[in-house]
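Colleague: Could you walk me through this one slowly? I am new to reading structures, so please spell out the terms as we go.

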Amino acid sequence: MNFGRVFCIAAAVLVLVTAMLALSGAQTPSKEPIKIGVLYPTTGSSAFQGISETNATKMFYEEKRMQVAGRKIVLISEDTEAKTDVGMTKTKKVVELDKVSVINGYQNTAVGYAIRDYLNQVGVPALVSPSGGGFTRKLFSPYIFRVSPATFQYTYEPSKWLFKKGYKRAIFVGADFAAPRECFRGFKRGFEEAGGKIVQDLWPPLGCSDYGPYISALKTGEADVLVLTVWGADSIRIINQLADYGMKSRLPIFGVASFCDEGVTIPPMGANAEGLMSCYISCPSTPNPENQRFVSEYKKRFNTLPGHLAYLAYIAAQATYEAMDKVKGNVEDKEKFLDALRKVNFTTPMGAKGYFDEKQGMVYDLLLMQVKKADGEYHNFEIDRLKGIKDPVNIFP
Amino acid sequence: METWIIHILNGVSFGMLLFLLASGLTLIFGLMNIVNLSHGGYYLLGAYIACTVMTKTHNFLLAILSGGLSIAALGLFMERFFLNRLHKKPLAQVLLTIGFTLVFADASLIIWGGVPYFVEKPAFCLRPIMIGKSGFPSYRLFVIGIGTVVGLLLWLFQERTRVGTRVRAAVNDEEIARALGINVRFLFTVIFTLGAFLAGLSGVMGGPFYGAYPGADFEILLLTVVVIIVGGLGSLRGALVGSLLIGLIDNFGKVFFPQMAMFTIYLPMVIILAWKPSGLFGAEN
């Protein structure tokens with residue numbers, strides 16, 4: 001063997017290794033991009049929500065030119081399929097393989113609850129949007145910030161508003177699973193405290209195809225309002241079927257959360273959407289400048305109006321950005337970053353103050369809306385606002 | 001009195017929708033022993049196509065024809081090029097047809113997006129029919145009408161035509177049927193295509209009612225399989241009786257036993273199977 005050749009190869013390898021070591025040592029953490037995990041269900045039955053949430057998240061960070069305090073932002077998008085096992089796998093992937101510094105995601109409550117222990121253990125902050133109230137209660141973790149309002153939060157105070165509006169007797173219809181059952185508890189307590197009475201409650205199964213039996217059983221003569229906690233395809237079905245039976249004109253209807261969702265549930269309801277009242281957190285028609293900018297930008301990019309869940313994802317990104325900016329991009333200092341997340345205080349596109357309460361649940365201005373016809377189309381319009389509503393953890397532990 | 005009439009009509013109309021769904025599947029499953037689990041996918045595509053046609057033309061007849069015929073063409077394609085290689089291989093048929101359903105689901109997501117779609121009702125069905133003081137949806141009466149017509153046509157086909165006789169012969173004993181000169185290959189393709197047409201039609205008819213959205217395909221498949229198991233595989237009479245029974249039990253179950261709402265469809269299936277394992281009108285084999 002030629003000694004000279006061996007020597008040259010060894011020298012080359014040594015130089016290469018030294019160079020790599022030197023370069024990796026020379027890269028200070030603040031020059032590497034910040035990785036953010038974006039975990040929403042982009043396939044399966046929640047696909048339309050997950051896709052709009054991912055789009056809204058991307059839109060926010062792109063508006064900030066994919067960088068904060070001089071550091072680049074890289075988004076790692078994954079599909080949770082609204083399934084707990086898939087959500088867990090994807091979460092582990094973005095934490096362990098991609099090494100994300102923070103997560104924006106989790107619209108499905110079951111998935112959110114499933115990853116809580118893991119995120120708490122690995123210490124990766126997450127800004128989440130489920131509707132269940134667990135994260136401000138028994139499932140609290142210093143790393144998890146709930147951006148969405150929870151069931152008790154959007155039913156307790158609004159029920160009192162409904163009573164004050166003159167609706168004194170209510171029929172409550174909810175899909176039979178955890179979130180509507182919590183809504184019922186929140187609504188019933190608030191409504192009865194104000195002096196109202198719930199004359200009937202019905203529980204069709206989730207995904208019920210035929211609401212006929214329930215519609216025929218409604219005691220319309222004894223009530224002033226019909227309160228609905230059904231969402232997604234169920235809300236469209238029940239409204240269309242109520243109209244089919246000629247019931248819609250007999251009783252005003254009030255729904256909560258994403259019951260009347262622009263671009264999602266309102267268009268398939270068609271003319272049947274007129275007059276529907278609802279309570280949640282966003283309204284594309286509200287004329288304040290920041291909201292109009294948000295809505296027109298979203299519409300330009302994605303050819304549809306932003307629904308409630310897209311708005312929530314946008315707020316999650318907004319809160320994340322505020323905190324990252326406050327720590328000047330140094331997300332590796334976990335204590336400082338968590339502290340900044342806890343102390344965020346920004347103005348949301350709807351003109352409300354966005355901040356977390358002591359249980360790390362976001363405080364909201366709840367919008368009371370009604371669907372009206374405008375220029376031949378049906379849209380939500382704000383008719384009232386309940387400001388600064390916290391999750392009533394003390395009343396509903 | 002009128003509440004009872006409304007309840008019965010509710011049950012019958014839901015049952016008729018189930019019959020439209022089940023008739024296609026029982027033809028395929030029962031007569032040809034082909035496990036076609038893409039039936040739900042056929043429903044979904046039929047419903048989506050009908051949505052698009054109704055939005056553009058507002059012509060329900062055109063929606064029925066386009067929904068039914070396009071799915072028939074899809075069924076023909078699947079049978080000719082894929083399923084005919086898997087004769088008497090049920091596990092492979094299961095894999096293939098479920099695979100196709102997943103492909104249809106993803107394709108639908110790309111073409112129509114994930115937002116739930118509901119087919120627009122025909123113009124003459126927009127106002128409720130008054131029964132005493134209560135309103136009843138006229139579209140549901142239309143579903144009862146169409147279901148009855150389809151049932152009659154299928155019965156005539158099966159019992160009163162030469163083709164129907166040949167199909168029954170081919171299913172009963174394929175070898176002898178071939179020996180008699182019956183073109184079994186061609187007949188099976190015809191039956192499969194007809195089954196697919198019925199599935200597409202049920203998508204169009206169910207679209208205004210049930211809707212089209214990701215996940216509806218498997219929900220519909222489950223409902224349809226329950227009906228044909230209760231009615232007995234391969235029996236058209238079984239599909240009709242089974243679907244009406246399930247429709248009525250589901251309706252009255254929800255009215256009188258609301259806590260059991262989750263089980264009103266599956267409980268009758270369990271009870272009937274315990275009493276008659278091959279279904280109400282199924283062949284004992």
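Colleague: How many bridges join strand S5 of chain A to S6(A), and do they run parallel or antiparallel?
Modeller: Strand S5 (residues 126-128) of chain A is joined to S6(A) by 3 bridges, and the two run parallel; strands here are DSSP runs of E with at least two residues, helices are runs of H or I with at least four residues, and both are numbered from the N terminus. Within that pairing, Val128(A) stands opposite Arg146(A) in S6(A). This is a predicted model, in which local features need pLDDT of at least 70 and side-chain atom pairs count only at pLDDT 80 or more, while totals for chains, interfaces and linings use all residues. Residues are numbered from 1 along each chain as its sequence is written, with chains lettered from A and ligands numbered from 1 in the order in which they are written.

Colleague: And which strands form the open sheet in chain A?
Modeller: The open sheet has 6 strands in the order S2-S3-S1-S4-S5-S6 (chain A), with mixed pairing, where two strands pair if DSSP finds at least two bridges between them.

Colleague: Which strands stand at the edges?
Modeller: Those are strand S2 (67-68) and strand S6 (144-146) of chain A, each of which has a single partner strand, so one side of each is left without a neighbour in the sheet.

Colleague: Switching topic, how many residues of chain B are in contact with chain A?
Modeller: On the chain B side there are 29 residues, in contact with 29 residues of chain A, and contact means that the C-beta atoms of two residues, placed from the backbone, lie within 7 Å.

Colleague: What gives the most to that side of chain B?
Modeller: H1(B) gives the most, with 5 residues, and helix H1 (2-32), strand S2 (134-136) and helix H10 (236-256) of chain B each supply at least two. By class, the side of chain B that touches chain A has 18 nonpolar, 9 polar and 2 charged residues; Ala, Val, Leu, Ile, Met, Phe, Trp, Tyr, Cys and Pro count as nonpolar, Asp, Glu, Lys and Arg as charged, and the others, Gly among them, as polar.

Colleague: One last thing, what domains does the assignment give for chain A?
Modeller: The assignment, which is an automatic or database one, gives domain 1 (32-149 + 288-363) and domain 2 (156-280) of chain A. Their contact takes 10 residues from domain 1 of chain A and 10 residues from domain 2 of chain A, and the centres of the two domains, taken over C-alpha atoms, are separated by 30 Å.
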